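Here is a short walk through one structure. Keep the sequence and the 3D view side by side as you read.

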Amino acid sequence: MDQYCVFGNPIEHSRSPFIHQQFAQQTQQKLNYEKKFVELKGFPQAVKTFIAQGGKGANVTVPFKEQALQLCDHLSESAKQAGAVNTLSFIKGEIYGDNTDGIGLVQDLLRYNISLAKSRILLLGAGGAAKGVLLPLLAENPANIVIANRTVSKAEQLCMQFTDKRLQSCGFDKIPQQPFNLIINATSASLSGTFPAISPQLICEYTVCYDMVYGKELTSFLQWARIQGAEKVIDGLGMLVGQAAISFNIWRNVTPDTETVIEALKADLAVA
Ligand code: ATR
(Lines give C-alpha, C1' and ligand atoms only; values in the text may rest on other atoms or scores of the structure.)
Protein backbone atom coordinates (compact mmCIF):
# COMPACT_ATOMS: atom_id res chain seq x y z
CA MET A 1 0.00 0.00 0.00
CA ASP A 2 1.29 3.51 -0.77
CA GLN A 3 2.71 5.22 2.32
CA TYR A 4 2.27 8.88 3.30
CA CYS A 5 2.90 10.73 6.53
CA VAL A 6 3.09 14.09 8.26
CA PHE A 7 6.34 15.13 9.92
CA GLY A 8 6.24 17.52 12.86
CA ASN A 9 7.28 18.32 16.40
CA PRO A 10 4.93 18.29 18.24
CA ILE A 11 2.69 16.01 16.17
CA GLU A 12 0.54 14.18 18.72
CA HIS A 13 -2.56 16.29 18.08
CA SER A 14 -2.29 16.36 14.27
CA ARG A 15 -5.59 15.72 12.51
CA SER A 16 -3.94 15.04 9.16
CA PRO A 17 -4.12 11.21 9.40
CA PHE A 18 -7.86 11.44 10.10
CA ILE A 19 -8.39 13.83 7.17
CA HIS A 20 -6.35 11.84 4.65
CA GLN A 21 -7.92 8.54 5.66
CA GLN A 22 -11.34 10.11 5.06
CA PHE A 23 -10.19 11.39 1.66
CA ALA A 24 -8.82 7.94 0.77
CA GLN A 25 -12.08 6.20 1.70
CA GLN A 26 -14.15 8.74 -0.18
CA THR A 27 -12.09 8.45 -3.38
CA GLN A 28 -11.38 4.71 -3.02
CA GLN A 29 -7.64 5.18 -2.95
CA LYS A 30 -5.57 2.54 -1.20
CA LEU A 31 -3.05 4.33 0.99
CA ASN A 32 -1.76 4.56 4.50
CA TYR A 33 -1.09 7.90 6.23
CA GLU A 34 0.69 8.23 9.59
CA LYS A 35 2.03 10.96 11.80
CA LYS A 36 5.75 10.98 12.50
CA PHE A 37 7.35 12.75 15.43
CA VAL A 38 10.76 14.08 14.41
CA GLU A 39 13.54 15.25 16.73
CA LEU A 40 14.42 18.90 16.09
CA LYS A 41 17.72 18.01 14.40
CA GLY A 42 16.47 14.87 12.71
CA PHE A 43 14.32 16.15 9.84
CA PRO A 44 16.59 15.41 6.81
CA GLN A 45 17.30 11.91 8.12
CA ALA A 46 13.63 11.23 8.83
CA VAL A 47 12.74 12.13 5.23
CA LYS A 48 15.56 9.96 3.87
CA THR A 49 14.44 6.99 5.97
CA PHE A 50 10.82 7.42 4.90
CA ILE A 51 11.83 7.49 1.21
CA ALA A 52 13.99 4.38 1.70
CA GLN A 53 10.95 2.64 3.20
CA GLY A 54 8.97 3.41 0.05
CA GLY A 55 7.19 6.63 1.16
CA LYS A 56 5.39 8.35 -1.73
CA GLY A 57 4.71 11.72 -0.15
CA ALA A 58 4.53 13.66 3.09
CA ASN A 59 3.10 16.71 4.72
CA VAL A 60 5.39 18.90 6.78
CA THR A 61 4.30 20.95 9.73
CA VAL A 62 5.85 23.13 12.44
CA PRO A 63 8.82 23.61 12.74
CA PHE A 64 10.15 21.94 9.58
CA LYS A 65 8.51 23.81 6.68
CA GLU A 66 11.57 25.95 5.90
CA GLN A 67 13.96 23.00 6.25
CA ALA A 68 11.73 21.00 3.90
CA LEU A 69 12.29 23.63 1.22
CA GLN A 70 16.05 23.07 1.43
CA LEU A 71 15.68 19.34 0.76
CA CYS A 72 13.73 19.68 -2.49
CA ASP A 73 15.08 19.12 -6.00
CA HIS A 74 12.05 20.90 -7.51
CA LEU A 75 9.84 23.62 -6.04
CA SER A 76 6.42 24.84 -7.10
CA GLU A 77 5.89 28.57 -7.53
CA SER A 78 3.80 28.70 -4.32
CA ALA A 79 6.55 26.99 -2.31
CA LYS A 80 9.15 29.42 -3.69
CA GLN A 81 6.99 32.41 -2.88
CA ALA A 82 6.09 31.21 0.61
CA GLY A 83 9.69 30.21 1.33
CA ALA A 84 8.27 27.07 2.93
CA VAL A 85 7.06 23.61 1.92
CA ASN A 86 4.15 21.72 3.47
CA THR A 87 3.80 19.01 0.81
CA LEU A 88 6.56 16.71 -0.39
CA SER A 89 6.28 14.21 -3.22
CA PHE A 90 8.90 11.53 -3.78
CA ILE A 91 9.09 10.63 -7.45
CA LYS A 92 11.82 8.55 -9.11
CA GLY A 93 14.46 9.49 -6.55
CA GLU A 94 13.69 13.21 -6.63
CA ILE A 95 11.90 15.39 -4.10
CA TYR A 96 9.18 17.82 -5.21
CA GLY A 97 8.04 20.54 -2.81
CA ASP A 98 4.78 22.45 -2.78
CA ASN A 99 2.92 24.77 -0.44
CA THR A 100 -0.84 24.39 -0.24
CA ASP A 101 -1.53 26.47 2.92
CA GLY A 102 -2.34 29.76 1.19
CA ILE A 103 -4.64 28.25 -1.41
CA GLY A 104 -6.30 26.26 1.38
CA LEU A 105 -7.12 29.53 3.16
CA VAL A 106 -8.40 31.29 0.04
CA GLN A 107 -10.57 28.30 -0.92
CA ASP A 108 -12.04 28.22 2.58
CA LEU A 109 -12.90 31.93 2.39
CA LEU A 110 -14.54 31.42 -1.00
CA ARG A 111 -16.46 28.43 0.43
CA TYR A 112 -18.05 30.94 2.81
CA ASN A 113 -18.86 33.21 -0.16
CA ILE A 114 -16.55 35.90 1.13
CA SER A 115 -15.59 38.09 -1.77
CA LEU A 116 -12.00 39.18 -1.66
CA ALA A 117 -11.93 41.38 -4.77
CA LYS A 118 -11.64 45.07 -3.82
CA SER A 119 -11.77 44.19 -0.12
CA ARG A 120 -9.67 45.76 2.63
CA ILE A 121 -7.79 43.03 4.45
CA LEU A 122 -5.92 43.18 7.75
CA LEU A 123 -3.38 40.40 8.24
CA LEU A 124 -2.22 40.01 11.84
CA GLY A 125 1.23 38.42 12.10
CA ALA A 126 4.31 38.32 9.90
CA GLY A 127 5.67 34.82 10.54
CA GLY A 128 5.63 31.77 8.29
CA ALA A 129 1.84 31.42 8.38
CA ALA A 130 1.29 35.04 7.25
CA LYS A 131 3.94 34.85 4.56
CA GLY A 132 2.41 31.69 3.06
CA VAL A 133 -0.99 33.28 2.48
CA LEU A 134 0.08 36.67 1.11
CA LEU A 135 0.36 35.82 -2.58
CA PRO A 136 -2.77 33.67 -2.84
CA LEU A 137 -4.64 36.57 -1.16
CA LEU A 138 -3.14 39.16 -3.51
CA ALA A 139 -4.15 36.98 -6.45
CA GLU A 140 -7.79 37.55 -5.46
CA ASN A 141 -7.40 41.28 -6.18
CA PRO A 142 -8.09 42.90 -2.80
CA ALA A 143 -7.97 46.73 -2.60
CA ASN A 144 -5.17 46.47 -0.05
CA ILE A 145 -3.65 44.30 2.67
CA VAL A 146 -2.34 45.84 5.88
CA ILE A 147 0.20 43.55 7.58
CA ALA A 148 0.36 44.32 11.30
CA ASN A 149 2.84 42.62 13.59
CA ARG A 150 4.13 42.87 17.16
CA THR A 151 7.66 43.13 15.75
CA VAL A 152 7.11 45.85 13.15
CA SER A 153 10.37 45.19 11.30
CA LYS A 154 9.14 41.71 10.31
CA ALA A 155 5.98 43.19 8.75
CA GLU A 156 8.16 45.73 6.93
CA GLN A 157 10.38 42.95 5.64
CA LEU A 158 7.39 41.10 4.20
CA CYS A 159 6.29 44.25 2.38
CA MET A 160 9.77 44.72 0.96
CA GLN A 161 9.99 41.12 -0.12
CA PHE A 162 6.67 41.10 -1.97
CA THR A 163 6.93 44.64 -3.39
CA ASP A 164 3.26 45.12 -4.14
CA LYS A 165 1.69 48.58 -3.98
CA ARG A 166 -1.34 47.15 -2.21
CA LEU A 167 0.73 46.06 0.82
CA GLN A 168 1.28 48.20 3.88
CA SER A 169 3.01 47.36 7.20
CA CYS A 170 2.64 48.62 10.77
CA GLY A 171 2.48 47.72 14.45
CA PHE A 172 -0.83 46.82 16.15
CA ASP A 173 -1.15 50.38 17.52
CA LYS A 174 -0.70 52.06 14.12
CA ILE A 175 -3.32 50.22 12.08
CA PRO A 176 -5.39 52.69 10.00
CA GLN A 177 -8.54 53.18 12.11
CA GLN A 178 -11.18 52.22 9.57
CA PRO A 179 -13.18 49.00 9.61
CA PHE A 180 -11.80 46.16 7.46
CA ASN A 181 -13.77 43.69 5.33
CA LEU A 182 -11.61 40.83 6.49
CA ILE A 183 -9.26 40.41 9.46
CA ILE A 184 -7.07 37.30 9.44
CA ASN A 185 -5.27 36.27 12.60
CA ALA A 186 -2.07 34.58 11.42
CA THR A 187 -0.24 35.03 14.73
CA SER A 188 0.38 32.03 16.95
CA ALA A 189 -1.03 33.98 19.92
CA SER A 190 -4.27 31.92 19.83
CA LEU A 191 -2.27 28.83 20.74
CA SER A 192 -1.60 30.42 24.13
CA GLY A 193 -5.11 31.80 24.52
CA THR A 194 -4.23 35.43 23.75
CA PHE A 195 -4.57 37.66 20.71
CA PRO A 196 -3.09 40.90 19.38
CA ALA A 197 -4.42 44.03 21.06
CA ILE A 198 -6.14 45.72 18.13
CA SER A 199 -8.73 48.47 18.28
CA PRO A 200 -12.43 47.42 18.28
CA GLN A 201 -12.96 50.20 15.72
CA LEU A 202 -11.43 47.97 13.06
CA ILE A 203 -14.50 45.73 13.23
CA CYS A 204 -17.98 46.66 12.03
CA GLU A 205 -21.12 44.84 10.92
CA TYR A 206 -19.59 43.75 7.59
CA THR A 207 -16.25 42.56 8.99
CA VAL A 208 -15.36 38.87 8.69
CA CYS A 209 -12.79 37.63 11.22
CA TYR A 210 -10.76 34.51 10.50
CA ASP A 211 -8.35 32.71 12.83
CA MET A 212 -5.95 30.20 11.30
CA VAL A 213 -6.04 28.31 14.59
CA TYR A 214 -8.99 26.03 15.40
CA GLY A 215 -10.15 24.06 18.40
CA LYS A 216 -13.15 22.71 20.21
CA GLU A 217 -14.03 26.23 21.38
CA LEU A 218 -13.79 29.49 19.44
CA THR A 219 -10.34 31.06 19.84
CA SER A 220 -10.07 34.07 22.16
CA PHE A 221 -9.62 36.33 19.10
CA LEU A 222 -12.85 35.09 17.53
CA GLN A 223 -14.75 35.33 20.82
CA TRP A 224 -13.62 38.95 21.12
CA ALA A 225 -14.45 39.69 17.46
CA ARG A 226 -17.94 38.29 17.90
CA ILE A 227 -18.54 40.58 20.89
CA GLN A 228 -17.36 43.54 18.78
CA GLY A 229 -20.15 42.73 16.29
CA ALA A 230 -18.23 41.06 13.45
CA GLU A 231 -20.48 39.77 10.69
CA LYS A 232 -18.93 36.33 10.75
CA VAL A 233 -16.20 34.56 12.71
CA ILE A 234 -14.45 31.54 11.19
CA ASP A 235 -11.74 29.27 12.57
CA GLY A 236 -8.98 27.49 10.66
CA LEU A 237 -10.60 24.07 10.42
CA GLY A 238 -11.66 24.58 6.81
CA MET A 239 -8.19 25.85 5.90
CA LEU A 240 -6.67 22.72 7.43
CA VAL A 241 -8.93 20.44 5.41
CA GLY A 242 -8.55 22.63 2.30
CA GLN A 243 -4.76 22.51 2.29
CA ALA A 244 -4.91 18.74 2.89
CA ALA A 245 -7.26 18.30 -0.08
CA ILE A 246 -4.82 20.11 -2.37
CA SER A 247 -1.94 17.93 -1.10
CA PHE A 248 -4.08 14.83 -1.71
CA ASN A 249 -4.75 15.99 -5.24
CA ILE A 250 -1.03 16.55 -5.88
CA TRP A 251 -0.27 12.98 -4.78
CA ARG A 252 -3.29 11.09 -6.14
CA ASN A 253 -4.55 13.30 -8.96
CA VAL A 254 -8.10 13.24 -7.60
CA THR A 255 -9.93 16.02 -5.75
CA PRO A 256 -11.69 14.92 -2.57
CA ASP A 257 -14.81 16.59 -1.21
CA THR A 258 -13.86 18.80 1.75
CA GLU A 259 -17.34 19.56 3.10
CA THR A 260 -18.04 16.07 4.46
CA VAL A 261 -14.59 15.85 6.03
CA ILE A 262 -14.96 19.26 7.71
CA GLU A 263 -18.26 18.03 9.21
CA ALA A 264 -16.68 14.75 10.33
CA LEU A 265 -13.78 16.62 11.91
CA LYS A 266 -16.13 19.01 13.72
CA ALA A 267 -18.05 16.06 15.12
CA ASP A 268 -14.80 14.42 16.16
CA LEU A 269 -13.60 17.61 17.89
CA ALA A 270 -16.90 18.01 19.71
CA VAL A 271 -16.47 14.67 21.50
CA ALA A 272 -12.71 14.96 21.98
P1 ATR B 1 4.01 30.71 12.26
O2 ATR B 1 4.68 29.75 11.34
O3 ATR B 1 2.84 30.13 13.02
O4 ATR B 1 3.66 32.00 11.58
P5 ATR B 1 6.19 32.11 13.48
O6 ATR B 1 6.90 32.22 12.16
O7 ATR B 1 6.96 31.81 14.72
O8 ATR B 1 5.07 30.99 13.42
O9 ATR B 1 5.35 33.48 13.69
C10 ATR B 1 4.52 33.68 14.78
C11 ATR B 1 3.77 34.99 14.59
O12 ATR B 1 2.87 35.18 15.70
C13 ATR B 1 4.66 36.21 14.56
O14 ATR B 1 4.05 37.19 13.75
C15 ATR B 1 4.64 36.64 16.04
O16 ATR B 1 4.97 38.00 16.26
P17 ATR B 1 6.52 38.46 16.36
O18 ATR B 1 7.04 38.48 14.95
O19 ATR B 1 6.48 39.79 16.98
O20 ATR B 1 7.20 37.42 17.22
C21 ATR B 1 3.19 36.41 16.35
N22 ATR B 1 2.90 36.24 17.79
C23 ATR B 1 3.21 35.18 18.57
N24 ATR B 1 2.74 35.36 19.82
C25 ATR B 1 2.11 36.57 19.84
C26 ATR B 1 1.42 37.33 20.82
N27 ATR B 1 1.26 36.87 22.08
N28 ATR B 1 0.90 38.52 20.47
C29 ATR B 1 1.03 38.97 19.21
N30 ATR B 1 1.69 38.32 18.22
C31 ATR B 1 2.22 37.12 18.53
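**Loops, sheet and ligand**

Pro10 is found in the loop between strand S1 (2–8) and helix H1 (16–27). Helices (H or I, at least four residues) and strands (E, at least two) are DSSP runs, numbered from the N terminus. The peptide bond leading from Asn9 into Pro10 is cis, with omega near 5°.

This is a predicted model: local features need pLDDT of at least 70, side-chain atom pairs count only at pLDDT 80 or more, and totals for chains, interfaces and linings use all residues. Residues are numbered from 1 along each chain as its sequence is written, and side-chain values use heavy atoms, with hydrogens and water left out.

A cis peptide bond also joins Val62 and Pro63, with omega about 0°. Pro63 lies in the loop between strand S3 (55–60) and helix H3 (65–71). Next, look at Asn113. Its phi is near 60°, a positive value in a residue other than glycine. Asn113 belongs to the loop between helix H5 (101–111) and strand S7 (120–124).

Now turn to the sheet. Six strands form an open sheet in the order S2-S1-S3-S5-S6-S4, with mixed pairing. Strand S2 (31–37) and strand S4 (74–75) are the edge strands, each pairing on one side only. Two strands pair if DSSP finds at least two bridges between them. Strand S5 (residues 87–91) and strand S6 (residues 94–98) run antiparallel and are joined by five bridges. Within this pair, Ser89 stands opposite Tyr96 in S6.

Which residues come nearest to the ligand? Of the 14 residues around it, they are Ala129, Asn149, Arg150, Thr151 and Lys154. A residue counts as near if one of its heavy atoms lies within 4 Å of the molecule. The shell divides into four nonpolar, eight polar and two charged residues. Here Ala, Val, Leu, Ile, Met, Phe, Trp, Tyr, Cys and Pro count as nonpolar, Asp, Glu, Lys and Arg as charged, and the others, Gly among them, as polar.

An N or O atom in the side chain of Lys154 is 2.8 Å from an oxygen atom of the ligand. A backbone N or O atom of Gly128 lies 3.0 Å from a ligand oxygen atom. For Ser188, a backbone N or O atom is also 3.0 Å from an oxygen atom of the ligand.

Methods. Polar contact = N/O pair within 3.5 Å; in protein donor to acceptor, adjacent residues only side chain to side chain.
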